[in-house]
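Biologist: Please show me the model, and then let me ask what stands behind the terms you use for it.

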Amino acid sequence: MSASDATSVDMTPSGTARPVDRSRLPEPGPARPFAFPAIEKSTLPNGLRVWTVRHPQVPVIAFDLLVRRGASADPAGKDGLAALTADMLDEGSGGRTAIEIHEALARLGAQFDTDIGSDALSVSVTVLSRFAGRALTLLGDVVARPAMREEDFVRVRQLRLHRLTQLRDMPGVVADRAFLKLLYGSHPYGHSPIGSEAALASMTVDDVRAFHAMSIRPSAATLVAVGDCDHAAVVRMAGDAFGGWEEAASDVAASDGAMPAAASLNIIPRPNAPQSELRIGHVAVPRDTPDYHALLVANTILGGQFVSRINLNLREDKGFTYGARTAFEFRRLPGPFVLQVSVQTSATARAIEESIGEIAGIRGPRPVTAEELELGIAALTRGYARNFETADQIARAVMQLALFDLPDDYFAEFVPAVAQISADDVSRVMARHVDPARLTTLIVGDLDVVGADLDALGLGAPVVLPADAF
Amino acid sequence: MTLSFTKYTLANGLDVLLHEDHTCPIVAINLWYHVGSKNERPGHTGFAHLFEHLMFEGSQHHDRGYFQPLQGAGATLNGSTNADRTNYWEVVPSNALELALWMESDRMGYLLPALTDAKFSNQRDVVLNERRQNYENRPYGLAPMALLAALFPSDHPYHWTTIGEVADLHAVRLDEVQAFFRRYYHPANASLALAGDIDPDEALPMVRAYFEDLEPGDRVDPVDASASLSGDTRIFFEDRVELPRLYMAWLTPAMFAAGDAELDLGTDLLANGKTSRLYRRLVFDERIATDVSAAQNSREIAGYAQITATAAPGHTLAEIERAILEEIARLAAAGPTEDEMERGRVQAESQFIFRLQTVGGFGGKSDQLNAYNMFLGDPAYFDRDLARYRDVTNISLQQAIARYLAPSRRVTLSIVPRGRVALGASDSQPAVVS
């Protein structure tokens with residue numbers, strides 16, 4: 001920073017302030033232009049894509065390595081293997097132990113994270129720019145050359161088993177895991193990445209090594225670098241860090257599996273719970289649906305923002321909850337549409353009735369109004385630029401392009417694509433992709449208190465599920 | 001790197017901080033009120049946080065929800081309450097700065113005419129549900145209530161949590177809430193930061209237009225209170241959990257006070273991340289715990305350090321407690337290694353620079369400027385704040401650990417699975433939590 005940026009303090013402005021009009025809200029002026037990040041792309045000889053974005057305002061660089069293999073690539077009977085493998089990546093490499101790897105990252109002041117979803121896993125490192133080369137070398141060690149030692153495997157698996165034990169205490173997590181299983185059964189999306197006790201207990205270090213060799217492969221991976229960096233320099237450094245990473249024989253990608261027909265109403269008892277965790281939804285659409293933008297607008301109005309129909313109803317009108325929302329979880333294969341809310345126990349049946357009513361309403365009986373449509377589109381478009389402020393944000397956005405095969409001009413096209421959605425589009429796509437008759441409802445709550453109220457819902461007798469069935 | 005700004009103080013006492021950053025066509029509007037749960041009284045807890053909710057429900061000239069016009073302009077917005085301050089922020093496209101100033105000023109100057117019984121009881125129900133969701137129905141969720149109550153005496157303003165007591169939330173009357181607003185939510189008790197795509201020559205007149213005619217209230221005196229521990233307070237309660245968890249806590253220096261940075265770095269090297277001493281020992285080597293973490297919780301008038309660890313199945317909190325005390329004693333006796341010091345310093349530097357990446361929201365540049373301005377009266381503190389961490393030596397860190405993390409003056413809380421009291425630390429008394 002130059003001297004002219006020096007701080008100045010404690011001045012009292014002179015003159016009088018101009019008068020203001022409080023009779024109406026000021027209209028925003030014209031939007032200021034914004035250039036979306038330009039992506040430079042190369043591919044290493046081993047197939048690894050290297051994509052960079054220059055974003056030099058702060059001397060920080062974010063590296064994200066995305067591999068398009070996630071929990072849906074878990075082999076049958078091995079739920080949790082992809083996540084366990086991802087967890088083993090930073091447990092040592094070459095001559096370094098797990099602790100030594102993390103000491104090396106700490107000496108760079110690095111922010112290190114591993115993340116896994118259904119379709120992909122990612123490993124990210126953010127550092128001050130002066131540590132870029134050393135950080136990339138460590139990222140290469142972690143992803144391409146993990147030690148995968150037996151003793152580390154035993155310890156890491158044990159920690160994940162303990163974690164599963166603890167997750168059983170958390171009603172929201174119990175609801176999420178059980179709901180996926182109800183919707184998807186043995187389909188690759190039917191389990192959360194952490195898997196199950198039985199599957200984890202059956203795994204060996206050889207399973208992890210084999211998964212790494214087969215699935216964590218350069219041709220499935222994209223390295224995204226965003227920050228104070230130069231494309232050629234990043235490609236050169238990536239060549240050094242990932243050059244020895246070899247492509248494996250072809251692996252098995254996620255396949256479509258048969259999905260069960262879940263009962264309409266399900267409950268996992270949680271005696272004396274002060275709230276009921278609710279999940280209501282069904283399997284909906286994949287990310288590549290042509291209705292993507294219309295569904296985003298529809299969801300924003302229904303349950304995707306504070307002033308959505310569902311939150312205004314359950315929180316701001318009824319006071320039943322701290323917050324309610326809906327989402328289409330867009331994935332490579334059809335992902336779930338789900339409403340999630342935690343409501344006070346006494347309001348459980350009312351909240352389910354209101355929720356299903358809102359979902360059914362937006363398909364036609366209560367179409368979106370012009371005002372709702374304008375607000376929903378504005379909320380999605382006017383603030384869009386703020387998603388591109390930090391290196392980490394831009395890297396995450398660019399990873400979405402790699403994950404879903406989206407074009408480079410996707411960001412620039414987003415606002416016009418959303419802006420043209422009409423009220424008819426919203427009704428049409430919701431009628432096409434959401435069906436009240438197919439909704440599955442799950443309650444994690446106090447069966448003794450809420451049970452009697454459920455009869456009036458007309459959803460049939462609730463199926464009582466044991467908490468440890470998932 | 002530094003954090004540049006210009007500061008003005010309006011005639012009514014409102015501090016205004018302006019920071020230019022044209023990276024993105026957005027502006028963060030960040031308004032701090034110097035009021036938190038420490039300004040409440042026993043029997044009347046939860047007010048500051050309840051107010052945070054009510055501030056989104058409408059004001060005299062816009063007697064409707066605050067989210068709709070702001071989200072319609074492309075804003076993201078939120079607020080938060082802690083023991084010391086309440087903040088409200090919007091990140092708006094730069095063309096909607098005036099809208100955000102209109103709305104923030106209206107709820108500062110004209111909230112009460114629009115505050116009805118109906119809004120009040122609705123948001124109280126929402127807060128009671130927030131409490132159920134985040135504390136009562138969450139495993140270990142009532143630990144903060146038990147810890148704070150044991151660390152600070154009943155008349156100390158840190159004795160209770162920001163969410164408040166259920167009985168107090170039920171008992172609160174609208175006129176009490178109105179009096180609370182008049183006392184604390186006015187220009188002379190607030191700090192407004194704008195960071196982002198602004199032209200200061202346009203932004204300052206706009207701020208003055210909306211805020212300068214708002215009436216200041218009486219000056220709010222600083223809250224003064226002291227706390228001390230004379231022994232080891234050992235308490236437990238039973239919860240709906242599978243694994244027992246140990247909490248150890250000590251009274252420590254306040255935010256920015258001597259020793260605060262040492263304890264921040266010291267708790268990190270004891271128990272944060274895979275390189276920390278306690279992770280290596282408890283989780284990696286001995287495998288008697290599933291997780292361990294620590295923090296120096298720096299607050300305006302006092303701090304407290306906390307170490308938390310969950311026992312692995314088959315192990316007790318007595319084993320965990322013994323190991324933690326040994327590691328604290330070792331650090332207090334021999335101090336950190338040079339490598340630990342180097343890692344701590346570079347991590348602090350990195351975290352400071354990372355924070356400069358965003359203009360707003362929680363923890364961005366606008367929030368940072370307000371924190372320095374409100375707690376120190378010195379928004380230019382960024383460089384000296386970083387220097388506090390650079391200046392920590394292995395001797396000063398060792399001395400702070402030895403002085404403040406004393407085994408003889410602490411709170412030791414065990415949360416155990418129902419019916420499994422023997423898994424907790426020894427000689428503990430039942431804690432009353434609700």
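**Terms and values**

Modeller: Take one residue pair to begin with: B:Ala249 stands opposite B:Val411 of β11(B). This is a predicted model, in which local features need pLDDT of at least 70 and side-chain atom pairs count only at pLDDT 80 or more, while totals for chains, interfaces and linings use all residues. Residues are numbered from 1 along each chain as its sequence is written, and chains are lettered from A and ligands numbered from 1 in the order in which they are written.

Biologist: How do you know that β8 and β11 of chain B pair?

Modeller: Two strands pair if DSSP finds at least two bridges between them. Five bridges join β8 (residues 245-252) of chain B to β11 (residues 410-417) of chain B, so by that rule the strands pair. They run antiparallel. Strands here are DSSP runs of E with at least two residues, and helices are runs of H or I with at least four, numbered from the N terminus.

Biologist: What makes β9 and β12 of chain B edge strands?

Modeller: The open, mixed sheet of chain B has six strands in the order β9-β10-β8-β11-β7-β12. β9 (289-298) and β12 (429-430) of chain B each have a single partner strand, so one side of each is left without a neighbour in the sheet.

Biologist: Why is α9(A) called roughly perpendicular to α15(A)?

Modeller: Helix α9 (residues 292-304) and helix α15 (residues 423-433) of chain A pack at about 95°, with axes 9 Å apart. Axes are lines fitted to C-alpha atoms, for helices over the stretch in contact, and angles run from 0 to 180 degrees between N-to-C directions. Under 35 degrees counts as roughly parallel, over 145 as roughly antiparallel, 65 to 115 as roughly perpendicular and the rest as oblique. The value therefore makes α9(A) roughly perpendicular to α15(A).

Biologist: Which residues make that contact?

Modeller: Residues are in contact if their C-beta atoms, placed from the backbone, lie within 7 Å. Among those of α9(A) are A:Ala294 and A:Leu295, and α15(A) gives residues including A:Asp425 and A:His433. The residues of this contact divide into seven nonpolar, one polar and one charged. Ala, Val, Leu, Ile, Met, Phe, Trp, Tyr, Cys and Pro count as nonpolar, Asp, Glu, Lys and Arg as charged, and the others, Gly among them, as polar.

Biologist: How many residues of each kind are on the side of chain A that touches chain B?

Modeller: The contact takes 70 residues from chain A and 78 from chain B. The chain A side divides into 36 nonpolar, 19 polar and 15 charged. Its largest share, six residues, comes from α2(A).

Definitions and conventions
Two residues are in contact if their C-beta atoms, placed from the backbone, lie within 7 Å.
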